Amino acid sequence: MTSLKESIIPVNILCVDDTKANLIALQAILDQPEYTLFLADSGAEALDILSKEKVAVILLDVQMPDMDGFETAQKMKENEDTKHIPIIFLTAISKDQKFECHGYETGAVDYMRKPFENSILKSKVAIFADIFRQNKRLEDQTTELKLLSDELQRSNTELDQFATVVSHDLKEPLNKSLFFCSELTEPISKLQDSEAATYLQKIEQSMTKMKGLLNDVLTYSRVGTRKKTLEKVDLNEVLTDVLDTLESRIKETKGKVEVDSLPTIEADAFHMKQLFQNLISNA
């Protein structure tokens, strides 16, 4: 159902007639708040207006000097931007049917002879104005759906990338925990109490990190298209955390990581962790 607000959205109507009195008469007939009238006294002026304004319907006089209504309509139909605008011819020339046929051949949707019933003209204009509004609403809805579709696609791509990264990251705490569990499988008599405590502490830290990553996934999935908020991030702390996560892999590969002092920057802390973890694990 069309709302009241939508029903009074102004639409542009172009009236073209070389006689000023006729333009004034059309202005009086169509004087309604929902219409914005553009008046042109020649075909050239009408084409100029159409190059700047979108109109719902054109009321076009046939008999005009220099460029008559038929020629003006032909030029409108040759233009990609104006060829679909409905044209209603208004004419006082001979009632010979050949003129009417010629009018329809140039792309007119109607052909009215003067004098005409004002109420009939108003009704026809109202129909085309309503069609224009409906098309405009459809275009707006299509644009909105396109934006939503693009945003959804972007969000899905981002979520897929995030899931890929996190699935990789989740393996590190697990690998680390498995490593220290394997160390504890040795006869407990061969381990010092301090060693066992250290291994258990590292397992606990890995599980805590796993919990944090899972919370990050949950938060991300809830927010979806979240806005990235930047904060002060100490990259030294980020790197320490990443090296702790990758400890077991570094040991297994006999890797060595040398780090100079790093700055504090405005960034997304979570993404900085992903960046360093990917760089180091890939290396």
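Predicted model: local features only at pLDDT ≥ 70, side-chain atom pairs only at ≥ 80, totals over all residues.
The lining of the largest cavity comprises 1 nonpolar, 3 polar and 4 charged residues. The cavity has a volume of about 30 Å³. Its lining is made up of E172, P173, K176, Q205, S206, K209, D244 and T245. Three helices, α6, α7 (193-223) and α8 (235-245), each give two or more residues to that lining. The structure holds 1 cavity of 30 Å³ or more.

One lining residue, P173, also features in a pairing across the sequence. P173 and M207 are 34 residues apart in sequence. In space, their C-alpha atoms are 6.6 Å apart. M207 belongs to helix α7. Its relative accessible area is 38%. Buried residues fall under 20% and exposed ones over 50%, so M207 counts as partly exposed.

The largest pocket was examined next. Its volume is about 720 Å³. The lining of this pocket counts 27 residues. Closest to the pocket centre are K54, V55, F132, K136 and E139. Strand β1 (11-16) and helix α6 (118-184) each supply at least two lining residues. The largest share comes from α6, with 10 residues. By class, the pocket lining has 11 nonpolar, 5 polar and 11 charged residues.

Helix α3 shows how burial can be arranged around a helix axis. This helix spans residues 43-50. Within α3, the residues G43, A46, I49 and L50 are buried. These four cover an arc of only 120° around the axis, so they lie on the same side of α3. Several elements take part in covering them. Among these are the strands β1, β2 (35-40) and β3 (57-61), along with helix α4 (69-78).

Aromatic rings were then considered. A pair of aromatic rings is described by the distance of the centres and the angle of the planes. The structure holds 2 aromatic pairs. One of them joins F70 and F89, whose ring centres are 5.3 Å apart. The planes of these two rings stand at 75°, so the pair is edge-to-face. F70 lies in helix α4, whereas F89 lies in strand β4 (residues 87-91). The pair therefore ties together parts that are 19 residues apart in sequence. Both partners are buried: F70 has a relative accessibility of 8%, and F89 has a relative accessible area of 0%. Ring pairs also bring in Y111, which forms a cluster with F70 and F89.

Contacts were grouped by how far apart the partners are in sequence. Among contacts with a separation of 6 or more, 68% are between residues 24 or more positions apart.

Key
Residues numbered from 1 in each chain as written. Heavy atoms only, no water. 1 Å grid on protein atoms, 1.4 Å probe; cavity = no way out; pocket = protein on both sides within 12 Å on 5 of 7 lines; lining within 4 Å. Points joined across faces, edges and corners; volume = space filled by probe spheres on them. Nonpolar A, V, L, I, M, F, W, Y, C, P; charged D, E, K, R; others polar. Buried < 20%, exposed > 50% of the residue type's maximum accessible area, 1.4 Å probe, protein only. Arc of directions from axis to C-beta. Contact = heavy atoms within 4.5 Å. Phe/Tyr/Trp six-rings, centres within 6.5 Å; stacked < 30°, edge-to-face > 60°.
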